[in-house]
Amino acid sequence: MFRKYVCFFTSLVIILLLIGMIYYVSLYYGLNEVPQQIMDKIVLYRETRLIVALLSGLILGFTGSVLQSSLRNPLVDPYILGIGGGALFATYMYHLVFKITNLYWGALIASIGGLTALALTLVIAETIGGSDVAYVLSGIGVSSMFSGLSIATYYVIISVNPAASYVFTLLIGSFVNVTPSRIPIMIWPSLVLVISYFIFSKPLNAMVIGDDYAKQLGYNPRFIRRIITILSGITASIVVMVSGIIGFIGLVSPHIARLIIKSNDNRLVIPISGLIGSLLLISTDNFSRIILSSLVGEIPVGALASSFGSPFFLFLLIRRFRGRV
Amino acid sequence: MMLDKIVLDNVKIVYKKGKIIAIKNANIVVKKGEILGIIGSNGAGKTSLLKAIAGIVHYSGLIYIDGYEVSHTPHKVIARILSYAGDMDVPEILSLTVLEAVLTSRYPVSKGFFESEEDIKKALEVLETLGILELKDRRLDELSSGELRKVILAMALAREPRVILLDEPDAHLDMGSKIVVSRIIKELGRRSIVIFTTHDILFAINTASKVVLLKDGEIIGYGTVDDIVKNDLLFKTYNARFKILLDPDTNKPVPIPFYE
């Protein structure tokens, strides 16, 4: 019993230390002979980029784990459920129609897009049987549709406004174009998620056992599931608006968390999953910025995340079905 | 005030907007110290009736537990008095361990975000009583169906409820375990009101103090074991003939089904 708490606190401390270390090193790496004025600018840029990566990872790891538990489905994350595609399409439409970029309106529109796609995925998944693979299939369909629409919209944006080419990075997920003005819009969703952790992690433990069981403990599983999917949809959409589509972080982080703390207790899995998300994103981003950029150029973090995330996803699928055949 | 008593007054349960009637008109009173067994064929409405008492399904009519009308009382309040143990479909990969699952049962009565010493002590006690302490670190999805049954029972008992509703507590159990579960239910019956459903009529009449016979949502028999172990009633319930013998030691009726 106590073992899982020991694992939890040890992992918590180790992950926080690692994050702190990467943060500090990547902030000042290679700045020895740079004039003070330029150095300040570089440090500001790096710090912004680190904070956005940290918060993006936190939100993705967090929403991934609560979505998996509330839908009782280990194969889902915001990206697979179509939130990524929907939010991106909405963000592009917003760029196309309004040009001016008010972040709060942007967040609202991205959330509407993300939630629409999410609702579509969930409804279709329920119609085709509601098994955990039904969610994946339905999500792939919805994501592909919105990704296609997003790419098409991207070309329209470029033809209308050639200066807006920076929106390209959203398509793959990257922190290259971050500005300090984007940090506040990511802090709010993170705070909401932290609060919801304290409210929902115990009901989630009951809901993983079953809806009837949760009901007789005094929870309302349908209501909680609705709130959790809406919160996840909104917060993950905001990540998409700021950093673009970063796949598989939300899927991988909770599984790594479960593996290292050797427990599926949501009170322990959710925070560790969020921090693992942060750790994965800042280390991948720094790997790309510091090491890969000198070799091939800065590969967008979304591309790297998909490259190591999707094999893991396939591994989960195989593990899920091997016992059944 | 109706203390320590469960009263069902004209309870009716319909599904799919009236298309399926699960329970037609149930009137039952269970007092403290009584153990009520509900038997009936498949689809007779046994589980629906239990779920209605637990407040999990909608019903019309009135159900009072300790003076609280179930559908007009917040779930949180009911959860502190009552526990319901039904069938469980355990997910792979995400499952909790046995001890974690039993501890979730104490959420309505424990205050903190994490479990207290007392919560853990009570959970371990229940596991010990049911003889499954060695399963405590196994995950639910790794258990056999019989082991899972016992864990479900442990989850119902861990918060020491005054009303315990058990949906087929003897399902998937071997003969020895059935007798253990029956003994535990009888022990619980001294402190709490216990209502259970079962397909095993011998389990029912050896465990319950009163028995309800359900047929297509209707109560066709309700009373003590002597009242309900009758050829015509059992035939109506199961559409099968029984031979009723008298146990020479206890003088209790023992129904034995005919295999034609």
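Which residues form a nonpolar patch on the surface, and about how much accessible area do they have together?

Author: This is a predicted model, in which local features need pLDDT of at least 70, side-chain atom pairs count only at pLDDT 80 or more, and totals for chains, interfaces and linings use all residues. Residues are numbered from 1 along each chain as its sequence is written, chains are lettered from A and ligands numbered from 1 in the order in which they are written, and side-chain values use heavy atoms, with hydrogens and water left out.

The patch consists of A:Ile14, A:Leu18, A:Met21, A:Tyr24, A:Val25, A:Tyr28 and A:Tyr29, with about 720 Å² of accessible area together. Accessible areas come from the Shrake-Rupley method with a 1.4 Å probe, and for residues only the protein chains shown count as cover. Patches are made of residues with over 30% relative accessible area and no salt bridge; like charges are joined within 9 Å, and nonpolar side chains (Val, Leu, Ile, Met, Phe, Trp, Tyr) within 5 Å. One member, A:Tyr28, sits in helix H1 (residues 2–28) of chain A. Helices (H or I, at least four residues) and strands (E, at least two) are DSSP runs, numbered from the N terminus. With a relative accessible area of 36%, A:Tyr28 is partly exposed. Buried means under 20% relative accessible area, exposed over 50%, and partly exposed in between (1.4 Å probe, protein chains only).

Among the buried ones are B:Leu49, B:Leu50 and B:Ile53. B:Gly55, just after this helix, takes a positive phi of about 80°.

Chain A has positive phi values too. Most residues other than glycine have a negative phi. A:Phe248, not a glycine, has a positive phi of about 70°; this residue is in the loop between helix H9 (221–243) and helix H10 (249–261) of chain A. A:Phe248 is buried, at a relative accessible area of 10%. A:Lys262 is not a glycine either, and has a positive phi of about 55°, but it counts as exposed at 54% relative accessibility.

Next, the two chains together. In all, 36 residues of chain B are in contact (heavy atoms within 4.5 Å) with 34 residues of chain A. The chains bury about 3,100 Å² between them, 59% of it on carbon and sulfur atoms; buried area is the accessible area (1.4 Å probe) that two parts lose on being put together, summed over both. Across this interface there are 4 salt bridges. A salt bridge is a side-chain nitrogen of Lys or Arg within 4 Å of a carboxyl oxygen of Asp or Glu. B:Asp89 and A:Arg72 meet in a salt bridge at 3.5 Å, N to O. A network of salt bridges links A:Lys4, A:Asp265, A:Arg267, B:Glu100 and B:Glu115.

Within chain B, B:Arg162 and B:Asp66 meet in a salt bridge at 2.4 Å, N to O. The two are 96 residues apart and link distant parts of the chain. B:Arg162 is partly exposed, at 41%, whereas B:Asp66 is buried, at 7%.

As for confidence, chain B averages a pLDDT of 90, on the predictor's scale from 0 to 100 for each residue. The model scores ipTM 0.90 and pTM 0.91.
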